[in-house]
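User: Hi! I'm new to reading protein models and would like to go through one with you, step by step.

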Amino acid sequence: MRDTDAALVKAFRQSSPYVNLHRGSTFVVMLGGEAIDQDNFPNIISDIALLTSLGIRLVIVFGARPQIDRGLEEAGLENVFHKHARVTDEHSFRIIKDVCGGLQMDIMARLSMGLINTPMQNARINVVTGNFVTAQPLGVDEGVDYQHSGRVRRIHTDTIHHQLANGATVLISPIGFSVTGESFNLSSEELARRLAIELKATKLIGFCSQHGVLDEEGMAIPELFPEQAEEHLQRLLADGDTLSGTARYLRAAISSCRSGVPRSHLVSYKEDGALIQELFTRDGLGTQLVSQSAEQARQARIDDIGGILDLIRPLEEEGILVRRSREQLEMEVDQFTIIEKDGAIIGCAALYPFPDEAMAEMACVAIHHDYRRGSRGDMLLHKVEDQARKRGMSKLFILTTRSIHWFRERGFEPVDVSALPMGKQALYNYQRRSKIMMKDLVNR
């Protein structure tokens with residue numbers, strides 16, 4: 001046997017345990033616009049086709065940042081960002097929809113190839129797209145209206161699982177649709193993160209220009225825990241690297257791992273075969289993140305103040321929450337409910353009663369950005385509602401600038417300032433223009 005043939009046989013045999021392990025698993029592939037731009041992209045498509053032929057269920061999320069930037073520039077429109085999120089006005093959104101629609105068609109066309117003497121021969125991949133993601137607007141921040149930029153509101157997991165069970169590969173565009181019939185420009189990393197978590201995917205896979213997360217000697221780090229990955233991410237952000245494939249993927253991967261996704265992988269989009277080597281060889285070629293842990297919801301104690309401050313300070317700096325001093329928190333700690341995970345506070349909410357009007361405010365609601373799943377928000381809301389009822393409150397209200405749709409879905413209705421307790425009316429900040437939502441707790 002020739003040496004090349006022997007090497008092929010050896011590699012094939014060594015890959016068989018991974019083929020058996022991955023068959024029937026669900027992978028979410030985060031395909032950034034930078035990867036699509038590469039000459040190596042046809043090889044990535046071929047490798048994705050190979051994964052489907054091995055019985056792996058694939059959900060592909062594609063991004064389009066560089067393509068959108070070029071499209072806007074060619075149209076003479078400015079790329080506008082606020083806090084690293086794109087501001088999408090009506091004119092820009094028309095360009096963005098054209099770009100994303102074109103990319104979606106291009107990816108589907110490549111996945112539909114079947115030329116003889118190519119890796120795609122006899123692949124016959126059934127690619128399905130659709131309105132699998134419900135979106136909602138980002139809203140207004142510091143007076144900046146994000147307009148058609150949105151965030152993920154809901155993933156229709158049952159529909160996606162049904163398509164995967166029927167042998168389809170699901171392709172997700174960074175354009176989402178709202179219950180009001182609008183469409184929004186979404187972050188591809190947020191999409192990939194939410195999909196991986198809510199589909200209970202076995203893996204989240206992303207691409208970057210390097211071989212993964214590199215150490216000081218420029219070598220890929222084979223495995224990281226989320227805490228270690230967080231340190232690398234903070235170094236990237238400190239260097240001003242906020243939008244690279246590595247930084248964006250790490251944000252998604254850290255959150256996914258902490259939310260129960262067993263493995264998250266980062267590989268190079270420049271290296272031919274990097275995806276296959278990472279998934280089907282013993283040593284891999286990129287970086288993988290792994291983690292699992294448990295959590296609980298409980299009443300806050302005085303020694304939780306530091307953790308609560310660490311949780312809410314970033315939201316206060318973004319203007320999402322009203323700033324609270326440490327002294328104020330110490331006096332009000334009994335009003336707080338927290339979610340604790342491995343000794344860290346990852347969620348909190350406070351209940352402020354107005355007994356004369358039998359009303360209460362749910363305030364200072366925060367979930368750590370790495371753990372923002374619907375179940376944790378619901379957990380806090382249920383705890384606060386139970387506390388309000390036990391105190392004899394008949395109505396619960398919130399003031400929010402970002403989460404209007406989320407609260408409306410849970411029974412809150414918009415009201416005017418005049419519906420607030422008199423003490424709260426006097427404190428209402430007209431400059432923040434917070435939306436007021438109220439829920440009737442009686443007979444619920």
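User: Which residues does Glu190 touch, not counting residues up to four places away in sequence?

Analyst: Quick background: this is a predicted model, where local features need pLDDT of at least 70, side-chain atom pairs count only at pLDDT 80 or more, and totals for chains, interfaces and linings use all residues. Residues are numbered from 1 along each chain as its sequence is written, and side-chain values use heavy atoms, with hydrogens and water left out. Contact means heavy atoms within 4.5 Å. Leaving out residues up to four places away in sequence, Glu190 touches Gly150, Arg151 and Val152.

User: Where is Glu190 found?

Analyst: Helices (H or I, at least four residues) and strands (E, at least two) are DSSP runs, numbered from the N terminus. Glu190 sits in a helix that covers residues 188–198, and that helix is α7.

User: How many of the residues of α7 are buried?

Analyst: Buried means under 20% relative accessible area, exposed over 50%, and partly exposed in between, with a 1.4 Å probe and protein chains only. The buried ones include Ser188, Leu191, Ala192 and Ile197. So α7 is mostly covered, going by that cut-off: the buried count is 10 of its 11 residues.

User: Which side chain of opposite charge is nearest to Glu190?

Analyst: Lys and Arg count as positive and Asp and Glu as negative, while His and the chain ends are not counted. A salt bridge is a side-chain nitrogen of Lys or Arg within 4 Å of a carboxyl oxygen of Asp or Glu. Glu190 is buried yet has no salt bridge. Its nearest side chain of opposite charge is 4.4 Å away, and belongs to Arg194.

User: What is the volume of the second largest cavity?

Analyst: On a 1 Å grid over the protein atoms alone, a cavity is a set of points where a 1.4 Å probe fits but cannot get out, and a pocket is an open set with protein on both sides within 12 Å along at least five of seven lines; lining residues have an atom within 4 Å of a point. Grid points are joined across faces, edges and corners, and a volume is the space filled by probe spheres set on the points. The structure holds 2 cavities of 30 Å³ or more. For the second largest cavity, the volume is about 30 Å³.

User: Which element gives the largest share of the lining of the second largest pocket?

Analyst: The second largest pocket has about 620 Å³ of space. Its lining has 22 residues, and Gly139, Val140, Asp141, Thr401 and Lys435 are the closest to its centre. Both β7 (140–141) and α14 (404–409) supply at least two lining residues. The largest share, 3 residues, comes from α14.
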